[in-house]
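Subject: Structure for you to look at

Hello,

Here is the structure I said I would pass on. Please open it beside this message, and read the notes below with it in view.

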Amino acid sequence: MESDELKDRIDLSALDPFVDPVRRDDFVAHTLERAALELARRRRYAADQARGTGISIFTVMAGWARPALAAAALAVLVSGLALRLARPHAEVVAQAGVIEALALPTPVEEWVAEGRTPSRADLILTLEGGTAW
Amino acid sequence: LYGMGDTDATLVRRSRQGDAAAFEELVRRHMRKAYLTALAQLGDVAAAEDVTQDALIAALERLDDCREPEHFAAWLIRIARNKAHNYRRRERVRSTLPLDAADRMAGGSDPFRDASRDELRENLLQALDTLTERQREAVYLFEVEGLRHAEIAELLGLKEGNVRYHVFQARRALREKLGGVYGE
């Protein structure tokens with residue numbers, strides 16, 4: 001059946017602009033002209049890949065991983081050292097700050113600072129605003 | 001540089017690397033198939049040519065998405081079909097009359113501008129307009145591109161029996177319409 005159809009073709013060549021070789025070549029040339037930018041982009045990319053400099057998000061991340069880790073380690077070290085050096089001073093400052101905030105009488109400040117339990121006489125004198133101290 | 005000995009898969013691979021000669025061979029090898037697919041939908045020679053070129057450029061830009069390079073032609077045809085569909089929809093929205101192919105063709109010596117050929121083309125397009133789009137695709141690829149039923153089936157994603165039926169129906173309808181021209 002197909003062979004019969006092949007022998008007895010209907011001529012539709014009037015609908016085929018590419019029958020004309022000049023027209024066909026013009027079409028191809030124009031298509032390649034439009035494709036030139038994309039082809040050039042692909043050549044550049046292929047050349048980059050061949051040189052091993054292909055740029056992808058993973059490549060960029062991999063490139064930054066090592067310096068980022070080094071910077072993070074350095075930051076941890078410096079922070080730890082700074083905290084260790086600053087801690088005793090910070091405790092004193094914090095303690096002093098609390099006493100001042102409570103506006104305690106001077107003798108009481110001293111009891112707190114010395115960690116001493118006041119005697120009955122201390123308390124009476126302090127409440128009366130005495131100057132036993 | 002490249003010829004019929006090179007498979008589509010090879011040409012696609014080389015084109016992905018930006019090889020202009022490989023892409024040119026792909027264009028020459030398959031442009032008529034894409035054109036005929038577009039023509040089947042648009043019924044306008046010049047518009048089908050424009051759509052074909054757009055489809056070829058789109059195919060190059062999306063070449064990395066072509067999962068089966070050995071079936072590049074079928075993939076290109078799908079792109080051409082989509083482009084033609086979009087073109088038709090755009091034209092419908094613009095509510096313009098169908099483009100006059102003759103007006104869009106430049107050059108007085110163009111054999112496509114020959115008056116008798118213009119008339120013949122108009123007769124053919126009118127006759128083909130009575131067919132379904134599938135029938136037009138099938139008969140174009142059979143008659144103009146000279147493909148066999150099995151090849152058309154693969155390109156259009158149809159069963160060979162369906163293609164045989166479409167070609168048969170289309171040829172019969174065309175012979176009835178164009179009897180005077182082709183003398184059955």
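How many residues apart are Arg28(B) and Glu24(B) in helix 2 of chain B? They are four residues apart, about one turn of the helix. Please keep in mind that this is a predicted model.

The side chains of Arg28(B) and Glu24(B) meet in a salt bridge, with 3.1 Å from N to O.

Asp25(A) is partly exposed, with a relative accessible area of 36%.

Next, the other pairs between the chains. Asp54(B) forms a salt bridge with Arg34(A), and their closest N and O atoms are 2.9 Å apart. Here the crossing goes from helix 3 of chain B to helix 2 of chain A. Asp54(B) is partly exposed at 29% relative accessibility, and Arg34(A) is partly exposed at 37%. Arg32(B) forms a salt bridge with Asp16(A), where the closest N and O atoms are 2.6 Å apart. In general, side chains of opposite charge can pair when their charged atoms come close.

On the side of chain B that touches chain A, the elements that give two or more residues are helix 1 (8-16), helix 2 (20-42), helix 3 (45-61), helix 6 (115-128), helix 7 (133-143) and helix 9 (160-177). By class, that side has 26 nonpolar, seven polar and 17 charged residues.

As for the extent of the interface, 50 residues of chain B are in contact with 32 residues of chain A. The two chains bury about 4000 Å² between them, 60% of it on carbon and sulfur atoms.

Now chain B by itself. Its secondary structure comes to 10 helices and zero strands. Of its 184 residues, 51% count as buried. Among contacts in chain B between residues at least 6 apart in sequence, 57% join residues at least 24 apart.

Is Trp75(B) buried or exposed? Trp75(B) is buried, because its relative accessible area of 13% is under 20%. Trp75(B) lies in helix 4 (residues 72-94) of chain B, and among the residues that it touches are Ala59(B), Leu63(B) and Cys66(B). Arg81(B) is in helix 4 of chain B too, and is buried with a relative accessible area of 19%. The residues touched by Arg81(B) include Thr37(B), Glu133(B), Glu137(B) and Leu156(B).

Last, a helix pair in chain A. Helix 4 (residues 106-114) and helix 5 (residues 120-127) of chain A pack at an angle of about 145°, with their axes 9 Å apart. Pro107(A), Val108(A) and Trp111(A) in helix 4 meet Asp122(A), Leu123(A) and Thr126(A) in helix 5.

Regards

Definitions and conventions. Residues are numbered from 1 along each chain as its sequence is written. Chains are lettered from A and ligands numbered from 1 in the order in which they are written. This is a predicted model: local features need pLDDT of at least 70, side-chain atom pairs count only at pLDDT 80 or more; totals for chains, interfaces and linings use all residues. Side-chain values use heavy atoms; hydrogens and water are left out. Axes are lines fitted to C-alpha atoms, for helices over the stretch in contact, and angles run from 0 to 180 degrees between N-to-C directions. Contact means heavy atoms within 4.5 Å. Buried means under 20% relative accessible area, exposed over 50%, partly exposed in between (1.4 Å probe, protein chains only). Buried area is the accessible area (1.4 Å probe) that two parts lose on being put together, summed over both. A salt bridge is a side-chain nitrogen of Lys or Arg within 4 Å of a carboxyl oxygen of Asp or Glu. Ala, Val, Leu, Ile, Met, Phe, Trp, Tyr, Cys and Pro count as nonpolar, Asp, Glu, Lys and Arg as charged, and the others, Gly among them, as polar. Lists of a residue's contacts leave out its neighbours within four places in sequence.
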